[in-house]
Amino acid sequence: MMKKYLLAVLVDNKPGVLTHVSGLISRRAFNIESISAGYTEEESVTRINIVVSVESKNELDQVVTQLGKLIDVIKIVNLSEVDSIERELVMIKVRADKSNRAELIDIVNIFRASIVDVSPENVVIELTGQQSKIDGIIEVLSEYEIIEIARTGAIALSRGPVPVKQM
Amino acid sequence: MMNGAQAVLESLKKEGVDVVFGYPGGAVLTLYDAVYKLKFPHILTRHEQGAIHAADGYARATGKVGVVFATSGPGATNLITGIATACTDSVPLVCITGQVANPYIGKDSFQEADIFGITTPITKHNYLVKDVKELPRVLKEAFFIARTGRKGPVVIDVAKDVFDAKIDYKYPEKVNLRGYSGVYDGNEEEIAAAVEAVRKAERPLIFAGGGIISSDTAAEVQKLAKKLGVPVTSTLLGLGAVPADTEGFLGFAGMHGSYAANMAIQKCDLLLCIGMRFSDRVTGRVDGFAPKAKIVHFELDRAEINKNVAADLQVLGDLRWTLPRFNKKLTATKEKFAEKFKGWKNEVLKMHKEHPFSFVEQGDAIKPGALIRKISELADKDTIAVTDVGQHQMWAAQFFDVFKPRHFLTSGGQGTMGYGLPAAMGAKIGAPDSRVVLFTGDGSIMMNCQEFATIADNNIDVKVVIVHNCILGMVGQWQRLFYNHHYSQSELKGKTDFVKLAEAMGLKGYRLTKKEELETVLPKIMAEKGPALIDVLIPEEEDVLPMVPGGKRLDQMVLGGSK
C-alpha cells in the first residue's frame, strides 16, 4: 500500500540546489507526488516541501537518508509524523455561462472556495485546503467542463511554536 | 592581487596537492598558463579519461585527493566515466573543469556542455563558479567534502573569465557548511549491542569492505580478527584489509568469490559487516543472503543501512571511531573468544582447503590462474596490483595475494573497462617506491591504450600484463553459459600486435605463449626496471569459477577447477 508523507526540507539558498534535489529523486527512482520551494524567514535558507509516496518505512528512510546526504540539505523533518497543518492551493478554470454560473457559485460556497475571475465564458475558482478537499472539489466540478487546473503541491507547518529547524 | 587561475593553484598548494593529471583546452588556457608560470607538477595524459582514472589510481594508492584539470564541453564530458567510477567506489577527487565564459553560458556556445547538470548524479557534490570571489571558498569546501566522511568526487566547473579575473586572494581557514560537518561519531550503545551479539554468537564471520581501506582502519580489523579468532572474508574492494596470509582469511566473497567464503556467509550465525554496501555482486539473491545470521552493519553512511540488506544491528559512525571502541569493549569482556570460535573457524578453513581457488592445467597452455599466482609469488608484499575489468579482474582477485590496504586497485562498483592502465600509472606516481603490476585483458587495454604514450614518455614503471584470450572474456563466459555459445560481437580475433603497440609507443613489449615461460622468461621481465607490456596468450574458453549465477543464492555456486 502506497502511503504519502510530507517532508519539509531546509536547504541552502544557493544556485544549483534544486538540480541536486531533483537529480537525486530521479536517480534513486523515488516517487514524488508534489514538490514546491520558496523563501523562508531566513534569507540563506530555502524550504522545499516534498510529498513522497512510498510502499514501506524502509523506502521512506531511503528518501530521507539519501536526501540528507546532499551537502546543501540542512535539515529534513517528516511533518506527517508530527502534529501539523497541511495546505495546498488550487486554481480551477471552468467553462461557465449564465445557465450554470449560479450552480457553480453554490459549489464554491459549499467548499468555502472563492471565485477570483469571471468572464462571459468561464470562472476561475480558488481553493486552499487539504489535498482531500481539493480532490473533492475537482471531482464535483468534473461534471462541468474544466478547462485548466493549477495546483501548488502541499506545504505544511507543525503545530505549536517550535520550527522545523529546531526539531 | 592575482588572477583566478593562480588562485586555483595557490589553493591546491595549500591543500597539499603534489601533482595534477589533466589535458589543456580553450576554456582552461589561463589555468594552464598559471601551471606554466608556477611550474606546477602536472602529468599530461593522452585523453581526459586517462587523466581522471590516473587521479583515481593515485587517490586509491595514497589516500590523498586526486586532482584533474580538463577543458569545457568534450574535455569535461570525457571525465564522466571516471567520475562515476570514483563515485561508486568512494574515491576522493577534485575535478576542475573549464566552462565557457559567463556571457556565453546558456547560448549553446562552442564547447559548451552543462557539466554541473551532467555530473550532479555522479558526484558527492559539485559547483559552477561564475564569480572569482567564490573560488577560494569553493576550493576549500571541495577538498574538505572530497576527503571527509564517505569520500567521493567533487567537480568544480569554472567559467573561463573567472580564471582571468583579478582577486585579492585569501584562502579560508575553515569551511562553513550548515548541512555537512564531515564528522561521524558513533554511539556507545550500538557498540555495546554489537559486543553482546558477539558474546551470544557461536559462528561469527567478519566481512571486510572497502570502507576499511578508505578510512585506513585495516589495523583495527586485523586486531579484531585476531582477538575473535574467527574466519574473515572481504568484498572485492575490501581486499587488503587483512593480509592474504592471515589465518582464517578465506579470500573475497560474492559472485566469483571463494566457496568457503560464500558458504561461511550462508552458515554463520553472526555476520560482522564492516564498511560495505551489500552490492548485488556480493549478496547473490538478496532474500537468501546469510539466512541464519544476525547481521551487524558497521557503517558511516546512514543511507547504506537497510538499503539492500536489512541489518539486525547497526553500528553507525566513522570506523575510526567505532572499531577501536568495539575492540576495547570486546577485550573488557575478558572472554576467550578465539578458543570459543576455534571449532567453527577450523570447519570453515577445512572447506577452504577442500575448495580453494583453482584451475586445471591444460598441456602447454598458460592458465590465467597459474600466471597470476606466479606473478604474485614474484611480487614483494609492497607490490600494488591494479586491474581492468572482466575475467582477468576476477582471476587477479582470486590468485593475487594482497598483503596491505591500498594495494589492490580495481573498479568495483562500475566495472569500468579502461580503468586499469591510467589507474596503474596514477598509483605508481603516488607510490613511487612500490612496484605496480596491472592485470588487464585484450578487451580492456584497448579502451585506454593511448596512455602507453604517457607511461613511456614519463618512464612510469608499470608492468602491464595482458591476459589475452582473444575474446571479451566475461561477456563470452555469459554467452557460453546462458546464450548457447553465441559469441555475439565478443570475439577479438584481430590483427593487433600488442608487442608492436608497446614498442611503437616507446616501451618494451614481450609475449608469452607457453607454460614453461612463466618460469624461464617471466621472472626476468618482472625484475627489469622501467615500464613493460607482457602479452600473455591464454586459452579462449576459460571460465571464471566458482560462479554464483544471477538470481541464485551464494550457496548455489557453480564450482569448477580441481587440483
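1. Which elements of chain A have the lowest and the highest mean pLDDT? In this predicted model, the lowest mean among the elements of chain A, 93, belongs to helix α1 (residues 17–27) of chain A, and the highest, 98, to strand β7 (residues 122–129) of chain A. Chain A as a whole averages a pLDDT of 96, and 100% of its residues score at least 70.

2. Strand β5 (residues 84–95) of chain A is joined to β7(A) by 8 bridges, and the two run antiparallel. Within this pairing, A:Val123 of β7(A) is the residue opposite A:Val94. Strand β6 (residues 114–118) of chain A also runs antiparallel to β7(A), with 4 bridges between them. Here A:Ser114 has A:Glu126 in β7(A) as its bridge partner. A hairpin is formed by β6(A) and β7(A), with 3 residues between the two strands.

3. The overall form of chain B comes next. The secondary structure of chain B consists of 23 helices and 20 strands. Along the principal axes, the C-alpha trace of chain B spans about 70 × 60 × 40 Å. The radius of gyration of chain B is 24 Å, which agrees with a compact globule, because a globule of 563 residues would have a value near 24 Å. Of the 563 residues of chain B, 56% count as buried. Among the contacts in chain B with a separation of 6 or more, 77% are between residues 24 or more positions apart.

4. The contact between the chains involves 15 residues of chain B and 16 residues of chain A. On the side of chain B that touches chain A, α6 (115–119) and β6 (125–129) of chain B each supply at least two residues. By class, this side of chain B has 7 nonpolar, 5 polar and 3 charged residues.

5. Is B:Glu451 buried or exposed? This residue lies in helix α19 (residues 451–457) of chain B. B:Glu451 counts as buried because 29 C-beta neighbours lie inside 10 Å, where the cut-off for a buried residue is 20 or more. Leaving aside residues up to four places away in sequence, B:Glu451 touches B:Thr45, B:Arg46, B:Gly50, B:Leu421, B:Pro422 and B:Met425. One of these partners, B:Arg46, is 405 residues away along the chain, yet the C-alpha atoms of B:Glu451 and B:Arg46 are separated by 5.9 Å.

6. Strand β18 (residues 462–468) of chain B pairs with β20(B) in the parallel sense over 6 bridges, and B:Val465 stands opposite B:Ile534. Strand β19 (residues 508–512) of chain B likewise runs parallel to β20(B), joined by 5 bridges. The bridge partner of B:Tyr510 in β20(B) is B:Ile534.

7. Helix α2 (residues 29–38) of chain B has the buried residues B:Thr30, B:Leu31, B:Tyr32, B:Ala34 and B:Val35. What covers these buried residues? The cover includes β1 (2–3), α1 (4–14), β3 (42–44), β4 (66–70), β5 (93–99) and α8 (160–164) of chain B. Just after α2(B), B:Lys39 adopts a positive phi of about 50 degrees.

Notes: Residues are numbered from 1 along each chain as its sequence is written. Chains are lettered from A and ligands numbered from 1 in the order in which they are written. This is a predicted model: local features need pLDDT of at least 70, side-chain atom pairs count only at pLDDT 80 or more; totals for chains, interfaces and linings use all residues. Two residues are in contact if their C-beta atoms, placed from the backbone, lie within 7 Å. Ala, Val, Leu, Ile, Met, Phe, Trp, Tyr, Cys and Pro count as nonpolar, Asp, Glu, Lys and Arg as charged, and the others, Gly among them, as polar. pLDDT is the predictor's confidence in each residue, from 0 to 100. Two strands pair if DSSP finds at least two bridges between them. The radius of gyration is taken over C-alpha atoms; the globule rule is 2.2 Å times the number of residues to the power 0.38. A residue is buried if 20 or more other C-beta atoms lie within 10 Å of its own, exposed if 12 or fewer, and partly exposed in between; C-beta atoms are placed from the backbone.
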